[in-house]
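Please keep the structure in view while reading.

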Amino acid sequence: MMIVGMVTFGLSSVYILFINGLMIGGAFKISIPYLMHPLQSLLLILPHGISELMAIMISGGIGFILLKEAILLLFGKKKKINFKNICKITCTGLVLVTILLFFSAIIDFFITPDINNFTTN
C-alpha cells in the first residue's frame, strides 16, 4: 500500500483504507448473529486489531508522502523533492509496519483462540 500509494499520489491508499473499513464493518455485522454475545466479536478482533490497524494507518499515511511533497512543490513551499528523505521515511515505515503485523499475527495465533474458548464456554 505504501509504494502503490506513492505512485498514485495517495488515491490507492484512500481506496484500500476505505475497503478495509467496509470489510471490518461487514465482518462485525455478519458475525454478530452467530456469536453468543455481540461483544464477543469485539473481543476476538480487538487484541490483534489494535496493532494491525496501526500498521494499516501508518502504511496508508506513508502512501500520501509523495502527494504532500508534490503539493508543497506546486505551491512553491519547496524548491525540489527530497527523494532521499522520502526513501528513509518509507523504509522506516516498512520496518515498523512489518514489526506491527508480525506482533499482530502472533497475538492472533496464540491469544485469540484462548479468548474464543473463554467466551464460548
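A residue is called buried when its relative accessible area is under 20%, exposed when that area is over 50%, and partly exposed in between. Phe64, with a relative accessibility of 28%, therefore counts as partly exposed. The model discussed here is a predicted one, and its mean pLDDT is 83, with 93% of the residues scoring at least 70.

**Phe64, Gly10 and their surroundings**
- Phe64 sits in the loop between α3 (38-62) and α4, whereas Gly10 belongs to the loop between α1 and α2 (11-31).
- Although 54 residues separate Phe64 from Gly10 in sequence, their C-alpha atoms are 4.7 Å apart in space.
- Leaving aside residues up to four places away in sequence, Phe64 touches Gly10, Ser13 and Val14.
- Gly10 has a relative accessibility of 1%, under the 20% limit, and so counts as buried.
- Between the C-alpha atoms of Gly10 and Lys68, which lie 58 residues apart along the chain, the separation is 9.3 Å.

**Helix α4**
- Within helix α4 (residues 65-74), the buried residues are Ile65, Leu66 and Glu69.
- Viewed down the axis of α4, these buried residues fall within an arc of 95 degrees, and they therefore line one face of the helix.
- An α-helix has 3.6 residues a turn, so residues three or four places apart point the same way.
- After α4 comes Gly76, which has a positive phi, near 80 degrees.

**Helices α5 and α6**
- Helix α5 (residues 83-110) and helix α6 (residues 112-120) have axes that come within 3 Å of each other and cross at roughly 35 degrees.
- On the α5 side the contact is made by Ile107, Asp108, Phe109 and Phe110, and on the α6 side by Thr112, Pro113 and Asp114.

**Aromatic pairs**
- Two aromatic pairs are present in the structure.
- In the pair of Phe109 and Phe110, the ring centres are 4.9 Å apart and the planes stand at 90 degrees, so the arrangement is edge-to-face.
- Phe109 and Phe110, which also take part in the contact of α5 with α6, are both exposed.

**Confidence along the chain**
- Confidence is lowest in helix α1 (residues 2-7), where the mean is 61, and highest in α5, where the value is 92.

Key:
Residues numbered from 1 in each chain as written. Predicted model: local features only at pLDDT ≥ 70, side-chain atom pairs only at ≥ 80, totals over all residues. Heavy atoms only, no water. Axes fitted to C-alpha atoms, helices over the stretch in contact; angles between N-to-C directions. Helix = DSSP H or I, 4+ residues; strand = E, 2+ residues; numbered from the N terminus. Contact = heavy atoms within 4.5 Å. pLDDT = per-residue confidence, 0-100. Buried < 20%, exposed > 50% of the residue type's maximum accessible area, 1.4 Å probe, protein only. Arc of directions from axis to C-beta. Phe/Tyr/Trp six-rings, centres within 6.5 Å; stacked < 30°, edge-to-face > 60°.
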